[in-house]
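Biologist: I'm new to this one. Please walk me through it, one question at a time.

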Amino acid sequence: MAAHRVAAVKFNLGQLFRRDKNRVARFSLDAAGLFIDYSKNRIEPQTRDLLVRLAEARDVGAGRDAMLAGQRINVTEDRAVLHVALRAGQGQTASPDRAIRDAIAAELARVRTWAESFGRGQLETDSVQITDILHLGIGGSDLAPRLALEALAPFARPRPRVHFVSNVDGAAMADALRGLDPHTTAIVVVSKSFSTEETLANARIAKAWLVGAMGEEEASRQLVAVTSESGRAMQFGVSGENCFRMLDGVGGRYSLWSTVGLTLAAAIGFQRFQELLDGARAMDEHFMTAPLAENAPVILALLGIWNSDFLGAEAQAVVPYAERLRLLPNYLQQLDMESNGKSVTRDGVAVDYPTAPIVFGTAGTDGQHAYFQLLHQGTRLVPVDFIAVAEAMSDYADHHALLLANCFAQGAALMRGKTQTEVLAELKAAGIPLSKARALAPHKVFSGNRPSTTILLPRLDPRSLGALIALYEHKVFVQGQIWGINSFDQWGVELGKALGRSVRPALDGTAATGLDASTLGLVARVRTKAR
């Protein structure tokens, strides 16, 4: 592999396309309704063969089967990894035990009942008319349903209207509550542990808002919890029948398919929510059955490893050319960087190779007028995933054609670049004097040879969205398997939270111990300004 890398550094995409007229057919595939063109990556058939051998050597197939069988592959927390089981159908070739399947089915049935009650404009257990849902969570408990609801806005019912708050900044809650009526608003609190500090801080405000308007008993009817700790939720004031269970083996960033999707199911209807699960299951089945060399999540994972570990890319841009997918980069930031942003293996040994890239992006075409300058002419190699939708999402067909033209042209420009000879010819044709043209030319040269992958959805509907999200979930898992790291814990999230609990008393004026001079100085500055 190392020897091939030496040769591959010199690969030129323009030359590769000129040499191989079948390159697009050779380096593209269909999976669960998605079309993936990865021909604009700096690879040859031998590259793919060697990368597939790497996947085989790192037991990707065995790791996949262990996950699907419900084995405890999250070794640091001694947990199974069950997000795939949440959308599994009868045809799944490997599945957890019967008790887990039954628990999943029971909670899904409860989600269906609750979601369908909104078709009648009322809560399941009452005749209260509900017009709005305030969804309180953070991380995947917020990002995933928020992404899905925005992406699937055309499928949403007129009621309920959904509002999300994740930030502990009080301004976020103030803005959300402004204009809502406590008598017609349900509060959905999503916290697996029901101890997430930011979420509970917001939940306390929301509960007080309800109680102040209607009293404890009436308010409890409109409080809903999604959690694995129903006892804590009930102590908070949520009735037992309004507690929806989260499985222990489902992390927040993988939880859209679970009871975390409760709000989404209420907004778009359970049938559409089921279609989302069906799309994810179609990608699961592809991941389970396709040979590694034709397996979309495996190929995406291997391309990422090739670009980062062999070609030196430190970042990955994700650019959806679809306004309704504008939150996808935010969601994938957490999925990728929280899962694989690790520096030790599952055995606790320090790694000596890059792991997760820095993931960023925005909706196209906005990004073209922001960071695309760096993508085209910067000194850093940044591979790009372009996401496009074939079918127009509005009545403005001309806009959609322009959108797709921009998407496809950007990938072509990153690949082709523009030589100094081409630039000089253009300047000469524009009547620019030769001396000025020569001075200007270096600024208008594009090196090209910059990799990208284009993922094309037939339309933006629940099934395609489910397949797209599952594609990236499995990609992240495969990369973690190859790097030998645990993709399903997130200990790095905890340290800052723990220190935050030490800083808070200092802000209130209590003597603090164990804080560094800089932190103490900042606290003192805030307290001085507050007075």
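Biologist: Let's start with two helices: are α13 and α14 roughly parallel or roughly perpendicular to each other?
Modeller: This is a predicted model, where local features need pLDDT of at least 70 and side-chain atom pairs count only at pLDDT 80 or more, while totals for chains, interfaces and linings use all residues. Residues are numbered from 1 along each chain as its sequence is written, and side-chain values use heavy atoms, leaving out hydrogens and water. Helix α13 (residues 270-289) packs against α14 at about 75 degrees, with their axes 8 Å apart (axes are lines fitted to C-alpha atoms, for helices over the stretch in contact, and angles run from 0 to 180 degrees between N-to-C directions). Angles under 35 degrees count as roughly parallel, over 145 as roughly antiparallel, 65 to 115 as roughly perpendicular and the rest as oblique, so α13 and α14 are roughly perpendicular.

Biologist: Which residues of α14 make that contact with α13?
Modeller: Contact means heavy atoms within 4.5 Å. On the α13 side you'll find M283, H286 and F287; their partners on α14 are A296, P297 and V298.

Biologist: What angle does α4 make with α14?
Modeller: Here α4 covers residues 45-57 and α14 covers 296-310 (helices are DSSP runs of H or I, at least four residues, and strands runs of E, at least two, numbered from the N terminus). Their axes lie 10 Å apart, and the angle is about 105 degrees. That makes α4 roughly perpendicular to α14, at about 105 degrees.

Biologist: Which residues of α14 touch α4?
Modeller: From α4 come T47, R48, L51, V52, L54 and A55. Facing them on α14 are I299, L302, I305 and W306.

Biologist: Which strands stand at the edges of the open sheet?
Modeller: The sheet has 6 strands in the order β1-β2-β11-β10-β8-β9, with mixed pairing (two strands pair if DSSP finds at least two bridges between them). Each edge strand has a single partner, so one side of it is left without a neighbour in the sheet. Those edge strands are β1 (28-31) and β9 (358-360).

Biologist: Which residue in β2 stands opposite L29?
Modeller: β1 and β2 (residues 34-37) pair in the antiparallel sense over 4 bridges. Opposite L29 stands I36.

Biologist: Which helix packs on the sheet, touching β10 and β11?
Modeller: It makes about 155 degrees with the direction of β10 (384-389), and it also touches β11 (452-457). The helix, residues 397-416, is α17.

Biologist: Is L82 buried or exposed?
Modeller: L82 sits in the loop between α5 (60-68) and α6 (98-117). Beyond four places in sequence, it touches G70, P96, I100, L247, G249 and V250. Buried means under 20% relative accessible area, exposed over 50%, partly exposed in between (1.4 Å probe, protein chains only). At 6%, L82 is buried.

Biologist: And R525, buried or exposed?
Modeller: R525 belongs to helix α22 (residues 517-530). Its relative accessibility is 55%, so R525 counts as exposed.
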